[in-house]
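Biologist: I'd like to learn how to read aromatic ring contacts in a model. Can you walk me through them?

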Amino acid sequence: MLLSRPTFLAFLVVSSVAEDVARNDQARGVESEPPFTLKAPEMTLTLVPDEPYGRNPPVPQPTSFDIQERQAAVGPGTTLQKGWYWIRAVAAPNYHKYLQTKPAVAAGTALLESYTTAGQFNVADGQLVENTGDGQTAPLYMWVEKPASSGSTPRTLATWFNTTKNPFGAFAFQGDALTWSTPEVQRQNVAAWLVCKGQALFINTGAYAYQTPAGCSDQTIHYYNDAHANN
């Protein structure tokens with residue numbers, strides 16, 4: 001049995017009081033039994049030190065943590081899949097900027113951005129198709145803005161990716177360059193593109209590197225089939 005220090009000290013105090021009462025009775029010549037008798041229990045006493053004042057009981061701490069890093073699997077990955085290509089610019093100021101969307105492999109504005117988030121593409125039946133990578137979700141298709149009037153063609157035509165096929169014009173590879181053309185829009189160079197604000201990609205309906213719209217840069221874009229995109 002274990003007794004704490006306060007309990008043991010109380011036992012000693014009570015025992016001392018009983019002995020004093022017995023001595024006083026003997027001094028007066030009175031023989032009497034003490035009003036109570038204390039008998040030490042037959043046991044081994046082990047003193048337990050008191051906890052320091054204000055100290056809280058210790059709380060068990062874990063010795064290790066199970067940390068699992070999450071990594072989202074988006075798109076076809078960073079290794080080029082068979083039958084697909086990277087598409088990138090090869091001249092300043094967008095040297096080795098790659099075709100993609102943000103978020104990756106989601107419908108949205110066509111961009112030229114970092115090689116680390118490059119998309120994978122191919123041309124099929126006049127459609128520029130983006131590989132979504134999971135084998136189940138339908139691919140994405142690049143769309144081209146159709147002018148509101150056939151008699152007036154703007155200098156830039158916006159491009160973006162959608163979940164359905166592009167109804168305006170046709171894409172093709174000429175050599176390694178990506179082109180777009182339609183009988184409705186007469187162009188001097190079907191491989192001419194423009195990269196404008198926010199790295200958005202546009203069809204250039206004018207002459208390449210001539211009277212370039214403010215805030216834009218002339219660009220051609222080309223397929224690239226190394227296993228990994230690079231800068």
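Biologist: Which residues form one aromatic cluster?

Modeller: Tyr85, Phe173 and Tyr223 do. This is a predicted model, where local features need pLDDT of at least 70, side-chain atom pairs count only at pLDDT 80 or more, and totals for chains, interfaces and linings use all residues. Residues are numbered from 1 along each chain as its sequence is written, and side-chain values use heavy atoms, leaving out hydrogens and water.

Biologist: How is a pair of aromatic rings described?

Modeller: By the distance of the centres and the angle of the planes. Rings of Phe, Tyr and Trp (its six-membered ring) pair if their centres lie within 6.5 Å; planes under 30 degrees apart are stacked, over 60 edge-to-face, and the rest tilted. That rule gives seven aromatic pairs here.

Biologist: Why is the pair of Phe168 and Trp180 tilted?

Modeller: Because the planes sit at 55°, with the ring centres 5.4 Å apart. Phe168 is in the loop between β10 (156-162) and β11 (170-174), and Trp180 is in strand β12 (residues 177-181), twelve residues apart. Strands here are DSSP runs (E, at least two residues), numbered from the N terminus.

Biologist: Is Phe168 buried or exposed?

Modeller: Buried, at 3% relative accessibility, and Trp180 is buried too, at 0%. Buried means under 20% relative accessible area, exposed over 50%, and partly exposed in between (1.4 Å probe, protein chains only).

Biologist: What about Phe173 and Tyr223?

Modeller: They pair edge-to-face, 5.1 Å centre to centre with 70° between the planes. Phe173 is partly exposed at 24%, and Tyr223 is partly exposed at 27%.

Methods
Helix = DSSP H or I, 4+ residues; strand = E, 2+ residues; numbered from the N terminus.
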